[in-house]
Amino acid sequence: MDKYSVEIRHEMMAAVKSKNTSPEVFLRKLLFSRGFRYRTNSSKVEGHPDIWLARYNTAIFVNGCFWHGHEGCSNFRVPKSNVEFWETKFRKNIDRDKRIKADLKTQGIKELVVWECAIRRMRKDESYRNEILEQIEGFLKSADQYMEIGNL
Ligand SMILES: [Zn+2]
């Protein structure tokens, strides 16, 4: 562990600890403005989702593309040094996400994953933002159990 610079470690700690990172807050505010009411980081729901919509029995996770290993996304690249360390790190996060996904499915809870790259584009692009919000609303009202939204 001592190989890693202070800055990298700082970033790592911040990413692990932060519960109110701005992409989450952005999505929450949008949903709120559309009339949705939710709980944040609900400790009663598996994986402590960033947004819990009890009325729709839906857990929403806003995933950072780097930390959660968004496959095929330009924001997800394994750093060139300490490759083994990073791969282990990403593997752990990805495995955890998979476990949560399986558990939620078993419990009959709907899950929506919104990748950070989609949130970034939503901030800048109003028509994309509306399109994604419609997709989210459609999912909430559907019988589908799982959906992922990313800007790939
Ligand atoms: Zn991404």
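Trainee: What should I know about the model and the numbering?
Mentor: The model is predicted, so local features need pLDDT of at least 70, side-chain atom pairs count only at pLDDT 80 or more, and totals for chains, interfaces and linings use all residues. Residues are numbered from 1 along each chain as its sequence is written, and side-chain values use heavy atoms, without hydrogens and water.

Trainee: How many residues are in the largest nonpolar core?
Mentor: That core has 23 residues, and Leu-27, Leu-31, Ile-60, Leu-112, Met-122 and Ile-136 have the most contacts inside it. A nonpolar core is a set of buried Ala, Val, Leu, Ile, Met, Phe, Trp, Tyr and Cys residues joined through side-chain atoms within 4.5 Å. Buried means under 20% relative accessible area, exposed over 50%, partly exposed in between, with a 1.4 Å probe and protein chains only.

Trainee: Which elements give two or more residues to it?
Mentor: They are α2 (22-33), β1 (51-53), β2 (58-63), β3 (110-115), α4 (116-124), α5 (126-141) and β4 (146-149). The most comes from α5, with 6 residues. Helices (H or I, at least four residues) and strands (E, at least two) are DSSP runs, numbered from the N terminus.

Trainee: What does Ile-60 touch?
Mentor: Setting aside neighbours within four places in sequence, Ile-60 is in contact (heavy atoms within 4.5 Å) with residues including Leu-27, Leu-31, Leu-112 and Val-114.

Trainee: Switching to helices, at what angle do α2 and α5 pack?
Mentor: The angle is about 70 degrees, with the axes 12 Å apart. Axes are lines fitted to C-alpha atoms, for helices over the stretch in contact, and angles run from 0 to 180 degrees between N-to-C directions. So α2 is roughly perpendicular to α5, a label for angles of 65 to 115 degrees.

Trainee: Which residues make that contact?
Mentor: Phe-26, Leu-27, Leu-30 and Leu-31 come from α2, and Arg-129, Leu-133 and Ile-136 from α5.

Trainee: How many salt bridges are there?
Mentor: The structure holds 5, each with a side-chain nitrogen of Lys or Arg within 4 Å of a carboxyl oxygen of Asp or Glu. One of them joins Glu-137 and Arg-34 (3.1 Å, N to O). Glu-137 is in helix α5 and Arg-34 in the loop between α2 and β1, so the pair ties together parts 103 residues apart in sequence.

Trainee: Is Glu-137 buried or exposed?
Mentor: Glu-137 is buried, at 17% relative accessible area, while Arg-34 is partly exposed, at 35%.

Conventions
Parallel < 35°, antiparallel > 145°, perpendicular 65-115°, else oblique.
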